[in-house]
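Student: I would like to learn how to read a protein structure step by step. Could you take me through some features and show me each one in a real case?

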Amino acid sequence: SVDTGYFGQDTLAGTRLRTELRDVAASVSIITKEFMQDIGANNLEGLLTYTVGTEVSGLGGNFSGASSDANFTDSISTVRSVQGSNRVRGLGGADQTRDYFISSLPMDGYNTERVEISRGPNANIFGLGNAAGTVNLQPANANLTRGRSQLSARVDSFGGNRSTLDLNRVFIPGVLAARGSFALQHDGFTRRPSGTDTVRYNAMVRYKPFRQTTLSAAFSWYSLEGNRPNTTTPRDAITG
């Protein structure tokens, strides 16, 4: 696909074939890399608060997500999975896919090129699907035409910080390239000693032996350690 600024003109989310968005008879939003960078969204919690018909729970979300579990927003599922920690169309959690395959690997902006949000049931297209819809992540890939080196650093409130490195190297122009990246992030909170540390590594290889043949391989590694603060008061199930 070719994205221009905030505009993504085509998608696979509507028909499984590359189709211009204006010809897709479904409610689909395309979130481009440039938009994610401009709003500083490096995860779904930061992204879904800015998109149409979506809500996300958690400390940075826009609905509580509270249920009978007093620590709903503290559960690890809220951190690493889109399921159960968001609402699409007001119905419930959407399926998360990566290149249209079900995935539980959390989103991170450093290795995501675009996000496609398909709102509504789509099991007839994908063989899966909640009534809410699907959030598909299009991962980054090695670039065959030009090398690239990018280093970024960010400082957040409450002691948070983030640093990333992204390297793309072309060995044979138009034929063979490799790309590697990593991200280190610490999230701090007002309630001490709460905090989480995230480490990610990503490696990609792309090989185009013939004009109509492209082979790609990728490896991702992810780790999250720490604890998040409670966002609801304790419930004893007796007082009431």
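This is a predicted model: local features need pLDDT of at least 70, side-chain atom pairs count only at pLDDT 80 or more; totals for chains, interfaces and linings use all residues.

Student: Which side chains make polar contacts with the side chain of E116?

Tutor: One partner is T11, whose side chain is in polar contact with that of E116 at 3.0 Å. Another is R114, where the polar contact between the two side chains is 2.8 Å. If we set aside the neighbours within four places in sequence, the residues in contact with E116 include D10, L12, S29, Y100 and V135.

Student: How many salt bridges are there in this model?

Tutor: To read a salt bridge, we look for a side-chain nitrogen of Lys or Arg within 4 Å of a carboxyl oxygen of Asp or Glu. By this rule the count is 10. One of them is formed by E45 and R228, with 3.6 Å from N to O. This pair ties together distant parts of the chain, since E45 sits in helix α2 (residues 44-47) while R228 lies in the segment after β16, and the two are 183 residues apart.

Student: Where do I find salt bridges that join two strands?

Tutor: Take R87 and E55, whose side chains meet in a salt bridge of 3.0 Å, N to O. R87 is in strand β7 (residues 86-88) and E55 in strand β6 (residues 54-56), and they are 32 residues apart. R87 is partly exposed at 29%, and E55 is also partly exposed, at 23%. Then consider D166 and R179, which form a salt bridge of 2.6 Å, N to O. Here D166 is in strand β13 (residues 161-172) and R179 in strand β14 (residues 176-188), 13 residues apart. Both are buried, D166 at 9% relative accessibility and R179 at 11%. Salt bridges may also share partners, and in this way D108, R162 and R200 are joined into one network.

Student: Finally, which strands pair with β11, and in what sense, parallel or antiparallel?

Tutor: When reading paired strands, we look at the bridges between them and at their relative direction. Strand β8 (residues 95-98) pairs with β11 in the parallel sense over four bridges, and D95 has T134 as its bridge partner in β11. By contrast, β10 and β11 run antiparallel and are joined by seven bridges, with I117 standing opposite V135 in β11. Strand β11 itself (residues 133-139) is mostly covered, as five of its seven residues are buried.

Methods: Residues are numbered from 1 along each chain as its sequence is written. Side-chain values use heavy atoms; hydrogens and water are left out. A polar contact is a pair of N or O atoms within 3.5 Å; within protein, one must be able to donate a hydrogen and the other to accept it, and residues adjacent in sequence count only if both atoms are side-chain atoms. Contact means heavy atoms within 4.5 Å. Buried means under 20% relative accessible area, exposed over 50%, partly exposed in between (1.4 Å probe, protein chains only). Two strands pair if DSSP finds at least two bridges between them.
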